[in-house]
Each structure stands twice: as C-alpha cells, then as structure tokens.
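This report walks through one structure, part by part. Have the sequence and the model side by side as you read.

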Amino acid sequence: MSSATKLRLGPKKNVWPYLLITPALAVILLILGFPVFRLITLSFQQFGLAEIVSGIPTWVGFDNFQALLKDPEFWIVLRRTFIFTFAMVAASIVIGAWLAHLMLRMNTILRWLLNTTLILVWAIPALVGISIWKWMFSFEFSIITSTINRLGFDFAQRNWFTNTFSGFSIIGGVVVWGAIPFITISIYAALTQVPKELLEAAAIDGANSRQIFRSVILPILLPIYVILISLSIIWDFQVFTQIWVLLDNRPASEYYTMAIYAFEKSFGLSEYGMGAAIALLMIFSLLGVTWFYIKKMVRIGDGNA
Amino acid sequence: MHRKSSVYANISGFFAIIFMGFPVYWMVTTSFKNRQDVLSTEPTILPRSFTIENYQNAFSREGFYTSLRNSLIVVLITVAISLFLATFASVAIARTKFTGKRSFISALLIVQMLPLSALIIPLFLLLTRLQLTNTIGGLALTYVAFILPFTIWTLRGFLANIPTDIEEAALVDGCTRVQAYRHVLLPLMAPGLVATAIFAFIQAWNEFLLAYIIMQSQENLTLPVWLASFTTRTGTDWGPLMAASTVTAIPVVIFFSLIQKRIATGVTAGAVKG
C-alpha cells in the first residue's frame, strides 16, 4: 500500500480514530486494565476477608514477595510449572510438526480422514475434552486400565492420580491432545504454501534436499514456528481448568502449578494479597519468555495503514 | 509440496487418526450405552447396546435447561456487543493513523497474554464491589472485555486485505466518510464479521473459569460449569455426563467446521505476510 492511496482524514484527522476506539478501550480498561493495576497494588497489601468487609487494605510493602521467595513451596511450584509447561509445549510442537510433515506424504483418503479428525478434536470444548479423559481414566470403569489389563498386565482398579507422574501425564495428555490440531493444521497450511517454483528453481540450481530445506522451506516456516511456540507457552503456562476439574475441584498440593497456587491462596485461603503476588510473578515470567513474540506482532499491526 | 505417498506416512497417519479420534468416539458411544454397559468393568471397544436414556437422564437432570438458557443469553449478548465495538476499533487501527496507535495495539496483544487465573483475583474483587457477581450482565461484560482484543485483532486482519481503493472511489464520488464506511466497507467486511462472530461465540460458549467464579448460585450456572458439577462426592454419572458433553460439543463442532479454514490461516497469516 503506497502512501498516495491512503485515506486522508482531512482537518478532523485526529478526532475520528479516538472516537472509534473509545468504547472498546473503555470496556477493556475497566475489566482488564483496572484489575492489572489492582493486582499490582493488591500484591503490596494484606487483603483477606476482614479487608473485603471493611474495604480498608493494610499496606505491607514487599512482605508478600519476601514471604513467597523464602517459602520453599513457592520454588517447588515454580519449578514444577516450568517443567510441566516445557514438557507440554515440546510434546505438542514435536507431534504436531511431525504429523504435518507426514500429511504431505499420506494418500489422499487418509489425509482427508486425519484432517477431519483433527478439526473435530479442535472443535471439542475444553471442558468436554476434560470430561472424556476423566472418563477414560476413571477409577472404576476405565477403558485404559482394562485395555492395559487385557494386554497381560495386572493393574486391577487403579487411581491414576495417586502418582503425580501419571497424574500430570494425563493432565498433559488432555492439553496436548487438544493443542495438536491447531499446530498440525497451521504447519501443514504453511508447508503447502511453499511455492513450487521456488523449490524447482532451487533444484535446477543444484541444491540438494537439505539445502532446499534450509534455505527455502525453513525461512518460510520459521515465523510460523515462532508464533506456535510462543502461543503454546502462553497457553500451557496458565493451564488451570484441566488440573482443577480432573482432580475434582480440590487438587492436592503436589498438583499445584503457579495458576492453581495463586487461585488456592486467594479463593481457598482468602489471602488475596499473597495470591496477587504469586499471580504477578507468574505474569512477569510469562512476559519474559514471550517478549520476542509480542514485539513481532506489534510490528505487524503497526505496519498496516 | 505433496510427494508420493509413503507406507511409513500412511501407517503413522492411520494410528494418528485412531489416537486422536478415540476420545471423541468413546464419548459418543458411551452416551448411547445402557447403564450396565457403561458400568462394566470389562468395557468393549464396540458398543453392545443402544439407548437414548442417558440423554433423557441428562436433560431431566437438575439445571440443564437453566444452564442452557444462561449460556445462550450470555453468549448472544457477548457476541453482539463485542462485535459492535470491535468493528469500530478495527477500522480505526486498519484505516487510520493516530498518535498512540502503537500503544493501543501493544495493549491489545499484552492483554491477551495475561493469564486468566491471575486476573481473576482482582477481577472478582472488582465485580464484588460493583455488585455484578452472580449476574448475567456481569459475566457478559467480563466476556466482552476478554474477547474484544482478539476480535479487534482478527477484524484488523480482514480489513488489511480489503483494498482502500474502493472506499476512495466512494469518497471521490461524493460520499462522506461515514457513508463510505457504512455502504462500502461494511458489506466487504461481512465474511470477516461472520467468522469473528462465530469465533467469539465458541470462546464464550466454552469458557469455564470466569463463569465458575462469577456465577456461584445454582440457577446461574452456564453449561460448562454445569458439566463440571456432574462429579459429586458420591461419584459420577458417566453415561449422562457423556450425553451432556456430546450435546455441549455439537453446536461448537458445527460452527467450527464453518470457519475452521479462516481461523487456521487467520492466526498465522500475519507471520507470512508481515
């Protein structure tokens, strides 16, 4: 778009855009902006049931943060969250990319079937997916346990969540299962968009398949991977509902991730100030990890018009 | 990019279909099994019975119709308001230049990254103060705010692909700016608006955590929260739960299949073009 074809706004140049964004901005500021500000102030306060009633908070400076950083449980939860996030992101990206590349080499019927299955899974509401997995791994009538037994192992009835490793594997399984369709379909779409002429030209110029991958395909795919990995980190880091519902709304402390920990401190123990401090630390870790992505997206949005 | 099909790819693909599709298959078949089959300790992959009693059971269960109604009302209000507001805001971003635009865009993106489980703490306190907890209006207002950034961003993407020449021609022909937007740009945006509306619908329909915290009383539940309430201390009614899950999923599956292509390209389009 050249600047000559751009719409000119005339003398009222500066009023229009602000009128257009004000209503949306107002709602966002009230429901998202103010809570962010409140989250920050809350983290410097002692705020419990008494403070909700009286409406007068007690300022405690950095006490909440100090207490947290001294609490060994905080570090265990933080480490657990990072490991769990990394495992889920890695699994969903690797499996997703692997399937996308396989789709290029499948026969037409299988590819169509896989694509349809992926879209179906993608469309399943998170809570429905959780219910299904809960059913598949249920204590008494689990299809998974009985299948394993039929293969010759003897598990009898088994509560998969007494062991945190198998418990987290199932929680991660729900998340990854739900995330794969979006990742596979995005990468597959990108792969099919690699122009044939480019590949042919590279081949004619004598490039071998590794060189073609490195200098033709990879540059096209790289931005997609950056977006998919960033989005996966953002989504997986804050996984809440899967843990909460799979563990019947009362997860044991071995299942605390940052999201659950902040929630329990606030709504379980009514220590809203402490919960806010955890939540704030969680946001900072997340922003740090995804900084690159935000910068790129802002550039894209700004470049238009 | 398609190459000749390989045996390895076909076999892997076959197993991928089985593994990915099985949970959905298991939900649907369980929902049509009779009680004895559902509660069998030796479940079989192929169903041995067919009944719709799980569906009757789920529909007659306390709270189904109220939560269905609540879900529909909240979702429709959310979609209408967020689309209305997002249309204006997206035109501003895609068609005009203004001071603070970059900050506005950054805010939209950063806001989408804020973990819901973090924001819910001050949000709950705010809504309590405004006496909006346990009200349809309070939940809808919250949904609008959470969905707006994405809808604005998506509509911006659609607008970026509509050439400005057409509006310009209208301006040259003597249209005012408002007329040009309303009669020229808006019809061109229609497909994008439909896709975005469906996406907003799905988001609001599926949302659990906010509804769980904001709507506490039994007559105010939405469908996902009602679904989560199937498990009580005495156990879970698996048959009816799978029937209810199937019913909850159906509208989303239908809507989703309509817009799937747009969403897939929409999310990553910026990366290739930008």
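## Reading the annotation

UniProt positions are given here in the numbering used for this structure, feature names are shortened, and annotations may be inferred rather than shown by experiment. With that in mind, an unreviewed UniProt entry carries the annotation "transmembrane region" for chain B. The annotation covers residues 7-28, 72-93, 105-127, 139-159, 180-202 and 238-259 of chain B.

The model itself is predicted. What does the chain look like over residues 72-93 of chain B? That stretch is 100% helix and 0% strand. Its end C-alpha atoms are 31 Å apart. Residues 238-259 of chain B are likewise 100% helix and 0% strand. The end C-alpha atoms of that stretch are 31 Å apart.

## Chain B as a whole

How many helices and strands does chain B have? The count is twelve helices and zero strands. Along the sequence, the pattern reads α-α-α-α-α-α-α-α-α-α-α-α. The C-alpha atoms of chain B fill a box of roughly 75 × 65 × 30 Å along the principal axes.

Chain B has 274 residues, and buried residues make up 46% of them. Take the contacts in chain B with a separation of 6 or more: 76% of them join residues 24 or more positions apart.

## Two domains

Chain B is divided into domain 1 (7-51) and domain 2 (62-273). Their C-alpha centres lie 33 Å apart. Seven residues of domain 1 of chain B are in contact with six residues of domain 2 of chain B.

Which elements of domain 1 of chain B give two or more residues to the side that touches domain 2 of chain B? They are α1 (7-31) and α2 (35-38) of chain B. The largest share comes from α1(B), with four residues. By class, this side of domain 1 has three nonpolar, two polar and two charged residues.

## A kinked helix

Helix α6 of chain B runs over residues 116-129 and has 14 residues. From its first C-alpha to its last it reaches 19 Å, close to the 20 Å expected at 1.5 Å a residue. Where is the kink in α6(B) centred? It is centred on Pro122(B), and the kink is about 30 degrees.

Pro122(B) is also one of the buried residues of α6(B). Others among them are Ser117(B), Ala118(B), Leu119(B), Leu125(B) and Leu127(B). Gln131(B) follows α6(B), and its phi is positive, near 55 degrees.

## Where the chains meet

Chain B and chain A touch: 96 residues of chain B are in contact with 93 residues of chain A. On the chain B side, helix α12 (residues 238-273) gives the most, with 18 residues. By class, that side has 61 nonpolar, 25 polar and ten charged residues.

## A residue in chain A

Val175(A) is found in helix α8 (residues 164-192) of chain A. Is Val175(A) buried or exposed? Val175(A) is buried, because 28 other C-beta atoms lie within 10 Å, and 20 or more are enough to count as buried.

Leaving aside residues up to four places away in sequence, Val175(A) touches Met88(A), Asp236(A), Val239(A) and Gln242(A). Leu247(A) is 72 residues from Val175(A) along the chain, and their C-alpha atoms are separated by 15 Å.

How values were computed:
Residues are numbered from 1 along each chain as its sequence is written. Chains are lettered from A and ligands numbered from 1 in the order in which they are written. This is a predicted model: local features need pLDDT of at least 70, side-chain atom pairs count only at pLDDT 80 or more; totals for chains, interfaces and linings use all residues. Two residues are in contact if their C-beta atoms, placed from the backbone, lie within 7 Å. Ala, Val, Leu, Ile, Met, Phe, Trp, Tyr, Cys and Pro count as nonpolar, Asp, Glu, Lys and Arg as charged, and the others, Gly among them, as polar. A residue is buried if 20 or more other C-beta atoms lie within 10 Å of its own, exposed if 12 or fewer, and partly exposed in between; C-beta atoms are placed from the backbone. Domain bounds come from an automatic or database domain assignment. The expected span of a helix is 1.5 Å times one less than its number of residues. The bend at a residue is the angle between axes fitted to the seven residues ending there and the seven starting there.
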